Amino acid sequence: GANIALELGSDGTIAVLAGLITGVGGGVMRDVLAGRTPLVMSGEIYATAALAGSVLFVGLDELTSISEPVAAIAGGLAILGLRVLGIQRQWSLPQLTRA
């Protein structure tokens, strides 16, 4: 999502948001179609990882001479690494409570 936004001429902030929304949105669609509670609602490190990976990708792509495929791999590995660490170490964010 971030890459498409950049290719369409959006600035870095919009590209990061597009990466976040497409990453989280795809996961939510997967979980809903599978009949599960979306992971993003469970407090797991999910959206945070997508945000960090999008920031890394856009930063590398826009601010350095690193090629786009290398920036995309770095962003993807950052997301994967944060998710794996979050699962292994049981990191979580505060869950929203119903009033």
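Modeller: First, a definition: helices (H or I, at least four residues) and strands (E, at least two) are DSSP runs, numbered from the N terminus. This is a predicted model: local features need pLDDT of at least 70, side-chain atom pairs count only at pLDDT 80 or more, and totals for chains, interfaces and linings use all residues. Residues are numbered from 1 along each chain as its sequence is written, and side-chain values use heavy atoms, without hydrogens and water.

Colleague: What pattern does the protein chain follow along the sequence?

Modeller: The chain has 4 helices and 0 strands. Read in order, the pattern is α-α-α-α.

Colleague: In which helix is Val84 placed?

Modeller: Leu77 is found in the helix of residues 68-88, H4. Val84 also has its place in helix H4.

Colleague: Is Leu77 buried or exposed?

Modeller: Buried means under 20% relative accessible area, exposed over 50%, partly exposed in between (1.4 Å probe, protein chains only). Val84 has 37% relative accessibility, so Val84 is partly exposed. Leu77 has 54%, so Leu77 counts as exposed.

Colleague: How far apart in space are Val84 and Pro69, C-alpha to C-alpha?

Modeller: In sequence, Val84 and Pro69 are 15 residues apart. Their C-alpha to C-alpha distance in space is 22 Å.

Colleague: Which residues is Ala2 in contact with, leaving aside neighbours within four places in sequence?

Modeller: Contact means heavy atoms within 4.5 Å. With those neighbours left aside, the partners of Ala2 are Ala15, Ala18, Gly19, Phe57 and Val58.
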